[in-house]
Amino acid sequence: MSDAATAIPEAEQRAVGKFLRRMLPILVLMLLVNQMDRTNVGFVQDELRADVGVSATAYGLGAGLFFIGYALFEVPSNMWLERFGARVWLTRIMITWGLVIVAMCFIHNVWMFYGLRFLLGVAEAGFFPGVLLYFTQWLPDSSRGRASAIFLGGSATAYIVTGPITGALLELHGAGGIAGWRWMFALEGAFSIVVGFIAGFFLVSRIQDAKWLTQEEKDALSEAVARDKETRDRAPSVSRMKLIFHPQVAVLTAVFFAMALTGYAITFWLPSLVEEIGGLSPFQIGLLSAIPWICAVVAMYTMSHFTDRAPDRRPYLAIALVLSATGTFLATLGSPWFGLAALTLAAVGGKCAATLFWPMAQSGLDLKIAAPGLALVNSLGNLGGFVSPTLFGYLKDTTGSTNGGLYTLSAASILGVVGVAFVRHTKRGERAGSGGKVAVTGKPVAGQAR
């Protein structure tokens with residue numbers, strides 16, 4: 001082999017390293033703010049009820065309406081990203097959702113709450129899949145798993161920092177004669193807008209426009225990305241309707257829907273459950289609300305270390321779902337402190353289940369439907385984010401307790417365990433329908449949920 005034959009991979013590796021160092025930090029920050037802005041409403045449920053008249057049912061519906069707007073505009077947003085470029089479109093997405101968050105500080109009735117939560121979903125639509133699409137425009141397949149894993153780390157971190165930050169902002173209650181929840185929306189929304197403008201200076205849409213790459217690095221990276229794109233373009237397309245009725249896609253969607261029910265219910269209702277402890281300041285509620293997610297993230301990364309080499313992830317996924325079901329059931333018993341411990345167990349089970357689910361789903365689908373199939377699983381399964389808070393709100397208003405919702409989550413997780421038994425198992429290193437050996441790394445893929 002000549003030196004020229006080895007120069008291209010080295011140049012490609014340098015280019016990938018520069019992308020990871022320069023682009024990923026701002027993308028991770030954007031994702032962290034994104035997660036905080038979509039879930040901060042969970043900390044002001046009581047304030048919205050007292051100041052605006054938002055009942056538990058209305059709160060649950062409003063929290064869930066976000067996912068309707070998000071689902072409706074996710075695909076069009078990705079199309080516009082390809083047209084306008086990531087720098088323009090991702091920046092637009094972030095500034096727009098920041099403006100909506102700022103507008104939420106002016107809520108004065110239930111209908112404004114409904115409308116702005118829906119608009120927030122519309123504004124955010126396409127951000128997460130858009131970043132994954134951005135990775136395909138910049139990174140070859142061999143490097144995207146690492147970038148996606150680092151990016152998704154921002155989502156895990158967001159669950160931990162959202163509570164303390166939001167709780168601290170709520171402590172501004174009364175400053176300037178303004179309610180703390182209005183300060184929270186105004187300041188977090190303004191921060192999103194600022195980060196959006198900063199991102200506009202850092203993001204680069206096209207490889208050839210990157211001033212921090214040499215021409216050799218640009219050419220090497222462009223060629224690698226082009227080869228991968230050519231391979232993907234040769235894959236036969238499958239209609240979405242056919243995918244919906246594909247047995248494995250249907251099973252995976254059902255399992256992920258059950259997981260999403262629990263994950264989003266905990267996200268939106270945990271602060272109010274912690275508040276039942278009594279005598280806590282908003283900042284203390286925020287700190288305690290972070291505990292389940294800290295434990296979940298530690299468990300998630302610890303477990304992945306042991307299961308990455310497991311010949312079959314299904315038993316581990318079933319165990320994680322049982323933990324989730326057990327945690328949500330136990331949360332109906334005992335004191336609020338016991339409930340916090342139980343929900344910590346549920347969060348651990350839910351996060352570990354998500355870590356196991358996506359690599360298993362990736363390896364279990366035929367290659368020809370893997371990409372659109374996983375995107376459909378993510379899109380439909382995430383509708384659990386609409387169902388669970390809406391159901392919780394209705395049950396709380398009609399029964400005076402969230403126990404009915406927690407029982408429902410336990411039942412859904414157990415049904416998810418049943419569904420796991422029907423998920424196709426593929427031996428490590430093989431892909432169903434590939435006709436040969438294909439590496440399965442267990443890294444996140446396009447379409448993966450947060």
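User: Which residues in α14 meet which in α18?
Analyst: On the α14 side they're R314, L317, A318, L321, V322, S324, A325, T328 and F329, and they meet L406, Y407, L409, S410, S413, I414, G416, V417 and V420 of α18. Meeting here is heavy atoms within 4.5 Å. This is a predicted model, where local features need pLDDT of at least 70 and side-chain atom pairs count only at pLDDT 80 or more, while totals for chains, interfaces and linings use all residues. Residues are numbered from 1 along each chain, and side-chain values use heavy atoms, without hydrogens and water.

User: What's that contact like by class?
Analyst: Between α14 and α18 there are twelve nonpolar, five polar and one charged residues. Ala, Val, Leu, Ile, Met, Phe, Trp, Tyr, Cys and Pro count as nonpolar, Asp, Glu, Lys and Arg as charged, the others, Gly among them, as polar.

User: At what angle do α14 and α18 pack?
Analyst: About 170°, with the axes of α14 (314-330) and α18 (403-420) 8 Å apart. That makes α14 roughly antiparallel to α18, meaning an angle over 145 degrees.

User: Switching to α5 and α6, how do their axes cross?
Analyst: At roughly 170°, coming within 8 Å, for residues 86-103 of α5 and 110-124 of α6. So α5 and α6 are roughly antiparallel too.

User: Which residues meet there?
Analyst: R92, I93, T96, W97, V100, I101 and A103 of α5 meet L116, L119, L120, A123 and E124 of α6. By class, that's nine nonpolar, one polar and two charged.

User: And which residues of α17 are buried?
Analyst: G384, G385, S388, P389, T390, F392, G393 and L395, where buried is under 20% relative accessible area (1.4 Å probe, protein chains only). Just after α17, G400 takes a positive phi of about 75°.

Methods:
Axes fitted to C-alpha atoms, helices over the stretch in contact; angles between N-to-C directions. Helix = DSSP H or I, 4+ residues; strand = E, 2+ residues; numbered from the N terminus. Parallel < 35°, antiparallel > 145°, perpendicular 65-115°, else oblique. Buried < 20%, exposed > 50% of the residue type's maximum accessible area, 1.4 Å probe, protein only.
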